[in-house]
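Here is a protein model to explore together. Keep the picture open as you read, and look up each residue when its name comes up.

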Amino acid sequence: MNRFLFCLSLMAFLSGNLPLLSQDSTWKRTDSDGPYFHSIQLRDSSGRVIDPSAPDPALPDLSATCAPCHDVVAASGGLHGGGGPDGKAGEPWFLMDARSATGLPMHHRSWPALFKPVDLVTDGASWSETFGRHDAGGNAGTTIAGSDCLVCHLAEGYDFAKRIEHFDAGDFSTAPFIAAGLIDGEGNYDTPRFDSDGRINLDLLADAGPDACLPCHTVRNLETAENPRWLHDEDIHLSAGMTCVDCHRSGIAHHIVRGYEGESHPSELDVSSLSCRGCHMGDGGGHQGAPKPLHQGLPPFHLEEIHCTGCHSGPVVTSSAIRQWTSRAHRLGEPSQKRDSTTPPRIIASIWRDDSGKLGPVRLAWPDGWGLLDESGVIRPIAPDLLRRPLRKTLRVRANLAKEISARLSGKDATELIHAALLEIDESIEEEGVPVFFSGGRVLASDGAGALSEVSSDAASAVRWPIAHPVRPARAATGAGGCTDCHSSASRWLSTAVGPMSILPFPGALGASSPLDENIVDGNSWRSWSLLFGGRDVGKVYFSLCAILAISGGLLALWRSLTEEHR
Amino acid sequence: MKKWLSLLTLLLLLLAALTSIPGLPPGVDLRGRWLQIHLIVATPLAILIVAWIWFHQVRLDLVKASAWLAISTGLGLIVIPMVGLTGTESTHHWVQGHGWLSFLGVGLLGLSAAMAGRKKVTELKR
Ligand code: HEM
């Protein structure tokens, strides 16, 4: 073989094995399925090992501490760190400010009906101060906080409430160590936990179980007297002993599989078997012994038109417009007496037909706030900081605009006050545009004559994102009670009107509509089927009897005709 | 069996066939309005099929008997998913089976009518 051909084949061999080689050579791995016992030394931001018992030890740096063994650059990105493709809409962040009656859903991803962080949050530091508490950090999002490996991977001893406290105070780099109990708020090390080499034992796991995810990903229905929390089951997968990452998997790149149908994963690998349908019904699925459902008696088009979550998650048929709290929107994980059924944002569960044409449960929320309408009809929101002065001057609000004004109005509407505030905003904010107030799905501007006029814009329309969890098992799914779970007038989930609520009272009706009104589900068809389904059980008996009689009569007739012909 | 009942049965059979046309392409299920009309037609039709088979005085020839057996079996096939005995994936096959057998039955009835017609014409010619 000549030399050129030899080199070519060597290159081909090496490039074919490159991923394996690069994995092996750069990062330490045990390659065992068992956990690695982390007895580690903390490092400062320049990578020097810290001696906690030294007189004035440096503060630890998480990235530098993990970097000797892990590809922290890759791990800080990925879908979880805010990178990768935008994909299907997910949960937005809510910028909440009671003083200016602001509640804006936003995200740096290009999901519909969301405001952009660049319009509202001045820099990464203010982002981290506002949202860092529930943002695991990373290099691809809006935050300046580095990735907090501990919040997800430290199986024991991470105090999430402390994390919130210190992120709110702006201690982004030390908050993970304080939450993990390695240092206190003053930066003093918990020296008894370190050995003479300055090593500390940390229970770090690739999969630290659902408790690692739930602080940021809890969703709960608002409790009512008839519907207390203790009556609810947790997700069936968790009850069965699975963990979140059994489905929401990822490699070191932290491109955590989102698990929806048709997901295209940044790794370009086929992850379809990690969606509900892929795992339970697809040929490549069956992970963890996933049962394959028969859906006996369910006409097949239901599976083509409805997401699995349509029946196995989201609102139950007897409930209407359930209000929900989410970790990120309602600061769950923070001990508080103030969180109650009126705590904004108001997030409601309902049904929606998505771009793929399938029905599924979604969460809905409507924005509240102030903005500037430009000539092209676009509304840019005004950041709460800029609203302080004009709103204080006109409305004399101290802490909670909606509450204070509503108390002052004692039943009257707020037209005059909103109008005055809009004029003052026009005076005091130098940016171009007509000031508007949006709430309750409507956008209002001053008509120049002391009243408010409606502006046609979708800036106040609802933001929607799918509900996936908690997943209900077959016996608790919609339809377990038969077709009339959905196909009857007693079924409320399709007929309940869901609509926005205005944060301040102003004249004019607020639009509320049910999935039937909005033609998300064809109302006429649904009503006529509901009528027919009333007689379904009788129909089953009737058609079965007819079939038995007809077939036996048919067989007899055939036999007779055959014997006749023989004669 | 009364002649008008017999004619009504044939008319409903024809209507059932017509209303099922949207479900004929492979992989497409009969759905929505057409399915509702199909079921409304099928409700009296089912009992009329029973009546036709059991109370028809004249002995049926082989083609006619096969036609009614096909239609009856078609009815039997649709009852299986209707009462919830099949999983969603296999339901397609039962529904399709119902469609093809019913059409086969109607086709055989047509054939038998055509044969009877031709027989009458030749008898008249003689
Ligand atoms: C005798 C009473 C009948 C009953 C109770 C009945 C009932 C039904 C039902 C419930 C379906 C829809 C199933 C589904 O998609 O979930 C269906 C489909 C259908 N029926 Fe009938 N039917 C009857 C008679 C007939 C007759 C006489 C014909 C034709 C001559 C016929 C042809 C069809 C066809 C072609 C389909 C669609 C098959 C498909 O989607 O692949 N049916 N029928």
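Let's start at the ligand: one of its nitrogen atoms sits 2.8 Å from an N or O atom in the side chain of His38(B). That is a polar contact, meaning a pair of N or O atoms within 3.5 Å; within protein, one atom must be able to donate a hydrogen and the other to accept it, and residues adjacent in sequence count only if both atoms are side-chain atoms. Before going on, some housekeeping: this is a predicted model, where local features need pLDDT of at least 70 and side-chain atom pairs count only at pLDDT 80 or more, while totals for chains, interfaces and linings use all residues. Residues are numbered from 1 along each chain as its sequence is written, chains are lettered from A and ligands numbered from 1 in the order in which they are written, and side-chain values use heavy atoms, with hydrogens and water left out.

**Around the ligand**

A backbone N or O atom of Leu30(B) is 3.1 Å from a ligand oxygen, and a polar backbone atom of Gly23(B) is 3.3 Å from an oxygen atom of the ligand.

How many residues surround the ligand? There are 26, and the closest are Gly23(B), Leu30(B), His38(B), His98(B) and Ser102(B). To be counted as near, a residue needs a heavy atom within 4 Å of the ligand.

Helix 4 of chain B gives the most, with seven residues. Helices (H or I, at least four residues) and strands (E, at least two) are DSSP runs numbered from the N terminus.

What is the shell made of, by class? It has 18 nonpolar, seven polar and one charged residues. Here Ala, Val, Leu, Ile, Met, Phe, Trp, Tyr, Cys and Pro count as nonpolar, Asp, Glu, Lys and Arg as charged, and the others, Gly among them, as polar.

**Salt bridges**

Side chains of opposite charge can pair when their charged atoms come close. A salt bridge is a side-chain nitrogen of Lys or Arg within 4 Å of a carboxyl oxygen of Asp or Glu. Over all chains, the whole structure has 18 of them. The table shows some.

| Salt bridge | Closest N and O atoms |
|---|---|
| Glu261(A) and Lys358(A) | 2.7 Å |
| Glu334(A) and Arg331(A) | 2.9 Å |
| Arg388(A) and Asp385(A) | 3.9 Å |

Glu261(A) pairs with Lys358(A). This pair links distant parts of the chain, 97 residues apart: Glu261(A) is in the loop between helix 10 (236–239) and helix 11 (276–280) of chain A, and Lys358(A) is in the loop between strand 7 (347–353) and strand 8 (359–365) of chain A. Are these residues buried or exposed? Buried means under 20% relative accessible area, exposed over 50%, and partly exposed in between (1.4 Å probe, protein chains only). Glu261(A) has 29% and is partly exposed, whereas Lys358(A) has 13% and is buried.

Glu334(A) is partly exposed at 23%, and Arg331(A) is partly exposed at 23% too.

Arg388(A) and Asp385(A) both belong to helix 15 (residues 384–395) of chain A, three residues apart, about one turn of the helix. Through shared partners, salt bridges join Asp97(A), Asp385(A) and Arg388(A) into one network. Asp385(A) is exposed, with a relative accessible area of 59%.

**Some buried residues in loops**

His134(A) lies in the loop between helix 5 (124–131) and helix 6 (149–153) of chain A. At 3% relative accessible area, His134(A) is buried. A polar atom of its side chain is 2.9 Å from the backbone oxygen of Leu332(A).

Ser76(A) is found in the loop between helix 3 (72–75) and strand 2 (93–97) of chain A. Ser76(A) is buried as well, at 13%, and a polar atom of its side chain is 2.6 Å from the backbone oxygen of Val72(A).

Glu263(A) sits in the loop between helix 10 and helix 11 of chain A, and is buried at 13%. The C-alpha atoms of Glu263(A) and Gly87(A) are 7.2 Å apart, although 176 residues separate them along the chain.
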